[in-house]
Amino acid sequence: MPKSALRHVMTASLAAVGALALNLTGAPAQAATPLDYAALGDSYSAGSGVLPVDLTNLLCLRSTANYPHVIASRTGARLKDVTCGAAQTKDFTQSQYPGVAPQVNALGAGTDLVTLTIGGNDNGTFINAVTACAAAGVLSGGRGSPCKDSNGTSFDDEIDASTYPALKAALGSVRAKAPNARVAVLGYPWITPATADPSCFVKLPIASGDVPYLRGIQAHLNAVVRRAAEETGSVYVDFSRVSDGHDACKPVGTRWIEPLVFGNSVIPVHPNALGERRMADQAMNVLGLG
């Protein structure tokens, strides 16, 4: 075949391939633009106690294996992680520690995705309830419901009176700073089983009657988090079903939350690496991210 004819055939073939590509895609192929992703929240978001530690800010006890990093690695998102252990809702709009900016400062009009877990530290709900019930459980030898008998509805009352409005205000500040973003608010995975497990008392010394009491407080907090999320146009990521059976009483490899004692983390009653991965799984499922 003459060279001129060969060139003609090759040109026609390339044109046909290009036309086919346009017909299949409707437009020239382009690389997907990575999501601008900002992660906010407390120690459950930060993965406090999970290795490896983020050395850029040791005050916040942040892990580079927390659920925001898992989501970013799976989606190729550009992550700005300002999660911080012990954060409360007020730390969204004010400095938690010297040199640590308010968390909403990480947001802007170009932010595409925001994830967060927050509310458990307001009023000291988690730490106060767990320590009060553990102390009462030890003194009672695991019998009865001494924590419930002493505290009644006090934890629930504080959640309604203080945590709920603070959550709504904090989420409002997120929406104001990132008006174009999808905001996903993650609930807290179960810490305790639904009923007492006698074999767990050595790891989580909660009296038998206080196990459902403590779980009820957590369920109430999650319900308030859901309510605040829905009322501010955010997406709530529910763990009530998927984390059932993965509480701190379960064995290594099954539990997502480490127990109070004899656990595998320096930060007890917090998600382990498996828990952080499963939190990422559920968030991605709810958000349709792959």
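Predicted model: local features only at pLDDT ≥ 70, side-chain atom pairs only at ≥ 80, totals over all residues.

**Overall fold.** I started with the secondary structure of the protein chain and found eight helices and five strands. Reading from the N terminus on, I noted the order α-β-α-α-β-β-α-α-α-β-α-β-α. The chain has 290 residues, and 47% of them count as buried. I also looked at contacts with a separation of 6 or more: 72% of them join residues 24 or more positions apart.

**Nonpolar core.** Which residues touch the most other members of the largest nonpolar core? I found Leu40, Phe92, Leu107, Val114, Leu116, Val174 and Leu186, out of 66 residues in that core. H7 brings the largest share, nine residues. I then picked Val174 and set aside its neighbours within four places in sequence; its contacts are Leu40, Phe92, Val104, Leu107, Val114, Leu116 and Val183.

**Aromatic pairs.** I counted three aromatic pairs in the structure. For Tyr44 and Phe126, the ring centres are 6.1 Å apart and the planes stand at 45°, so I wrote this pair down as tilted. Tyr44 belongs to helix H2 (residues 43-46) and Phe126 to helix H4 (residues 125-140), so the pair ties together parts 82 residues apart in sequence. Both Tyr44 and Phe126 are buried.

Next I followed Phe126 to its pair with Tyr188, which is edge-to-face, with 4.8 Å from centre to centre and 80° between the planes. Here too distant parts of the chain are linked: Phe126 sits in helix H4, while Tyr188 sits in the loop between strand S4 (182-186) and helix H7 (210-231), 62 residues away.

Buried or exposed: what is Phe126? Its relative accessibility is 13%, and buried means under 20%, so Phe126 counts as buried. Tyr188 is buried as well, with a relative accessible area of 1%. Taken together, ring pairs join Tyr44, Phe126 and Tyr188 into a cluster.

**Charges over rings.** I looked for arginines over ring faces and noted two cases here. Arg215 lies over the face of Trp190, 3.8 Å from the ring centre. Arg227 lies over the face of Tyr164, 3.9 Å from the ring centre.

**Cavity.** How many cavities of 30 Å³ or more does the structure hold? I found one. The largest cavity contains about 60 Å³ of space. Phe126 turned up again in its lining, along with Ala129, Val130, Ile191, Thr192, Leu214, Arg215, Ile217 and Gln218.

Last, I turned to the largest pocket, with a volume of about 380 Å³. Of the 24 residues lining this pocket, Ser43, Asn121, Ile127, Pro268 and His270 are the closest to its centre. Which helices supply at least two residues each to the lining of the largest pocket? H2 and H4 do. H4 gives the most, with five residues.

Conventions
Residues numbered from 1 in each chain as written. Heavy atoms only, no water. Phe/Tyr/Trp six-rings, centres within 6.5 Å; stacked < 30°, edge-to-face > 60°. Helix = DSSP H or I, 4+ residues; strand = E, 2+ residues; numbered from the N terminus. Buried < 20%, exposed > 50% of the residue type's maximum accessible area, 1.4 Å probe, protein only. Lys NZ or Arg CZ within 6 Å of the ring centre and 35° of its normal. Core = buried A, V, L, I, M, F, W, Y, C linked by side-chain atoms within 4.5 Å. Contact = heavy atoms within 4.5 Å. 1 Å grid on protein atoms, 1.4 Å probe; cavity = no way out; pocket = protein on both sides within 12 Å on 5 of 7 lines; lining within 4 Å. Points joined across faces, edges and corners; volume = space filled by probe spheres on them.
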